Amino acid sequence: MDIGIISQDERSAAFFDAAALGTLLIKRCRACGTWLGPEAGGCPDCGATGDDGPGWVPASGRGTLISWAVVYPRPASAGEALPTVLALVEVDEGPWLHTRLDTGDPAALHAGDPVQAHFAHPPTGESFPYFRLTRG
Ligand SMILES: [Zn+2]
(Lines give C-alpha, C1' and ligand atoms only; values in the text may rest on other atoms or scores of the structure.)
Protein backbone atom coordinates (compact mmCIF):
# COMPACT_ATOMS: atom_id res chain seq x y z
CA MET A 1 0.00 0.00 0.00
CA ASP A 2 1.25 3.42 -0.93
CA ILE A 3 1.25 6.06 1.78
CA GLY A 4 3.69 8.34 -0.03
CA ILE A 5 7.32 9.05 0.79
CA ILE A 6 8.04 9.77 4.45
CA SER A 7 10.79 12.22 5.37
CA GLN A 8 12.09 12.66 8.90
CA ASP A 9 12.78 16.00 10.53
CA GLU A 10 14.70 16.93 13.68
CA ARG A 11 11.77 16.02 15.96
CA SER A 12 11.08 12.66 14.30
CA ALA A 13 14.64 11.52 13.42
CA ALA A 14 15.04 9.19 16.43
CA PHE A 15 11.65 7.57 15.75
CA PHE A 16 12.40 6.79 12.10
CA ASP A 17 16.04 5.79 12.73
CA ALA A 18 14.75 3.23 15.26
CA ALA A 19 12.06 2.03 12.84
CA ALA A 20 14.82 1.32 10.31
CA LEU A 21 16.31 -1.04 12.92
CA GLY A 22 12.94 -2.62 13.76
CA THR A 23 12.32 -0.83 17.05
CA LEU A 24 9.14 1.04 17.92
CA LEU A 25 9.86 4.15 19.98
CA ILE A 26 7.35 6.04 22.10
CA LYS A 27 7.97 8.63 24.79
CA ARG A 28 8.10 8.56 28.56
CA CYS A 29 8.28 11.58 30.85
CA ARG A 30 11.65 11.72 32.62
CA ALA A 31 10.10 13.68 35.49
CA CYS A 32 7.00 11.62 36.33
CA GLY A 33 7.23 8.41 34.24
CA THR A 34 4.03 8.96 32.24
CA TRP A 35 4.04 7.06 28.92
CA LEU A 36 3.26 9.26 25.92
CA GLY A 37 2.85 8.95 22.16
CA PRO A 38 5.70 9.71 19.74
CA GLU A 39 4.31 13.17 19.00
CA ALA A 40 4.43 14.38 22.63
CA GLY A 41 6.47 17.54 23.10
CA GLY A 42 5.68 18.19 26.75
CA CYS A 43 4.15 16.11 29.51
CA PRO A 44 0.39 16.70 29.95
CA ASP A 45 0.52 15.24 33.48
CA CYS A 46 3.32 17.24 35.16
CA GLY A 47 4.10 19.92 32.58
CA ALA A 48 7.77 18.92 32.17
CA THR A 49 9.40 19.87 28.87
CA GLY A 50 12.80 19.73 27.22
CA ASP A 51 15.50 17.56 28.85
CA ASP A 52 13.28 17.07 31.92
CA GLY A 53 10.21 16.10 29.89
CA PRO A 54 9.30 13.29 27.50
CA GLY A 55 12.21 11.28 26.07
CA TRP A 56 12.32 8.41 23.58
CA VAL A 57 12.07 4.86 24.94
CA PRO A 58 11.58 1.51 23.16
CA ALA A 59 8.06 0.07 23.30
CA SER A 60 7.19 -3.64 23.39
CA GLY A 61 5.51 -3.39 19.98
CA ARG A 62 2.46 -5.22 21.35
CA GLY A 63 -0.92 -3.54 21.51
CA THR A 64 -4.68 -3.67 21.17
CA LEU A 65 -6.85 -2.52 18.29
CA ILE A 66 -9.06 0.36 19.45
CA SER A 67 -10.69 1.58 16.23
CA TRP A 68 -10.08 1.66 12.49
CA ALA A 69 -11.22 3.07 9.16
CA VAL A 70 -11.10 1.31 5.81
CA VAL A 71 -9.93 3.56 2.99
CA TYR A 72 -10.66 2.33 -0.52
CA PRO A 73 -8.45 3.19 -3.50
CA ARG A 74 -9.62 5.90 -5.84
CA PRO A 75 -11.44 4.53 -8.90
CA ALA A 76 -8.54 5.43 -11.21
CA SER A 77 -6.20 3.17 -9.25
CA ALA A 78 -8.75 0.50 -8.29
CA GLY A 79 -8.08 -2.73 -10.17
CA GLU A 80 -6.06 -5.04 -7.93
CA ALA A 81 -5.43 -2.42 -5.24
CA LEU A 82 -6.47 -3.43 -1.74
CA PRO A 83 -8.16 -1.12 0.72
CA THR A 84 -5.96 0.52 3.33
CA VAL A 85 -6.84 0.16 7.01
CA LEU A 86 -5.95 3.16 9.16
CA ALA A 87 -6.05 2.18 12.82
CA LEU A 88 -5.87 3.50 16.33
CA VAL A 89 -3.81 1.11 18.45
CA GLU A 90 -3.24 1.22 22.20
CA VAL A 91 0.28 -0.06 22.81
CA ASP A 92 0.78 -2.12 25.97
CA GLU A 93 2.57 0.82 27.62
CA GLY A 94 -0.63 2.89 27.30
CA PRO A 95 -0.34 5.53 24.55
CA TRP A 96 -2.60 5.37 21.51
CA LEU A 97 -0.88 5.43 18.12
CA HIS A 98 -2.32 6.35 14.73
CA THR A 99 -1.00 3.67 12.41
CA ARG A 100 -1.68 1.41 9.46
CA LEU A 101 -3.02 -2.10 10.00
CA ASP A 102 -2.02 -4.82 7.54
CA THR A 103 -4.95 -7.23 7.34
CA GLY A 104 -6.35 -9.39 4.61
CA ASP A 105 -9.95 -8.97 5.70
CA PRO A 106 -11.03 -5.67 7.25
CA ALA A 107 -14.54 -7.09 7.80
CA ALA A 108 -13.10 -9.58 10.32
CA LEU A 109 -11.62 -6.91 12.63
CA HIS A 110 -12.89 -6.50 16.19
CA ALA A 111 -12.10 -3.84 18.77
CA GLY A 112 -9.79 -5.42 21.32
CA ASP A 113 -7.96 -7.64 18.80
CA PRO A 114 -4.30 -8.08 19.81
CA VAL A 115 -1.80 -6.55 17.40
CA GLN A 116 1.98 -6.48 16.97
CA ALA A 117 4.24 -3.88 15.37
CA HIS A 118 6.05 -4.71 12.14
CA PHE A 119 8.20 -2.41 10.01
CA ALA A 120 8.08 -1.39 6.37
CA HIS A 121 11.33 -0.43 4.65
CA PRO A 122 10.37 1.33 1.41
CA PRO A 123 13.11 1.92 -1.21
CA THR A 124 12.72 5.68 -0.80
CA GLY A 125 11.83 7.58 2.33
CA GLU A 126 11.90 6.47 5.94
CA SER A 127 11.11 3.06 7.37
CA PHE A 128 7.89 3.12 9.36
CA PRO A 129 5.97 0.92 11.77
CA TYR A 130 2.62 -0.68 11.02
CA PHE A 131 0.62 -3.32 12.87
CA ARG A 132 -0.74 -6.80 12.17
CA LEU A 133 -3.15 -8.94 14.13
CA THR A 134 -1.47 -11.53 16.31
CA ARG A 135 -4.39 -14.00 16.35
CA GLY A 136 -4.70 -16.97 13.99
ZN1 LIG B 1 5.52 14.20 33.43
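A residue counts as partly exposed when its relative accessible area falls between the buried range, under 20%, and the exposed range, over 50%. With 41% relative accessibility, Cys-46 is therefore partly exposed. This cysteine belongs to a zinc site in the model above, which is a predicted one, and Cys-46 is one of the protein donors of the zinc ion. Here is a quick tour, starting with the metal.

**The zinc site**
- The zinc ion has Cys-29, Cys-32, Cys-43 and Cys-46 as its protein donors, each through SG, and they lie 2.3 Å from the ion.
- Angles of 106 to 114° between the four donor atoms make the arrangement tetrahedral.
- Along the sequence, the donor residues follow the spacing C-x2-C-x10-C-x2-C.
- Cys-32 sits in the loop between strand 1 (25-29) and strand 2 (35-36), while Cys-46 sits in the loop between strand 2 and strand 3 (54-58), so this pair ties together parts 14 residues apart in sequence.
- Like Cys-46, Cys-32 counts as partly exposed, here at 38% relative accessibility.

**The fold**
- One helix and eight strands make up the secondary structure of the chain, in the order α-β-β-β-β-β-β-β-β.
- The C-alpha trace spans about 50 × 35 × 25 Å along its principal axes.
- Of contacts between residues at least 6 apart in sequence, 51% link residues at least 24 apart.

**Surface and charge**
- The chain has 136 residues, and 38% of them count as buried.
- Its accessible surface is about 7900 Å², with 52% belonging to carbon and sulfur atoms.
- There are 9 positive and 16 negative side chains, and the centres of these two sets are 2 Å apart.

Key. Residues are numbered from 1 along each chain as its sequence is written. This is a predicted model: local features need pLDDT of at least 70, side-chain atom pairs count only at pLDDT 80 or more; totals for chains, interfaces and linings use all residues. Side-chain values use heavy atoms; hydrogens and water are left out. Helices (H or I, at least four residues) and strands (E, at least two) are DSSP runs, numbered from the N terminus. Buried means under 20% relative accessible area, exposed over 50%, partly exposed in between (1.4 Å probe, protein chains only). Contact means heavy atoms within 4.5 Å. Accessible areas come from the Shrake-Rupley method with a 1.4 Å probe; for residues, only the protein chains shown count as cover. Lys and Arg count as positive and Asp and Glu as negative; His and the chain ends are not counted. The place of a charge is taken as NZ of Lys, CZ of Arg, CG of Asp or CD of Glu. Donors are N, O and S atoms within 2.8 Å of the metal (3.2 Å for Na, K and Ca); water is not among the atoms, so sites may look incomplete. Four donors count as tetrahedral if all angles lie between 85 and 135 degrees; four count as square planar and six as octahedral if opposite donors are over 155 degrees apart and all others between 65 and 115; anything else is irregular.
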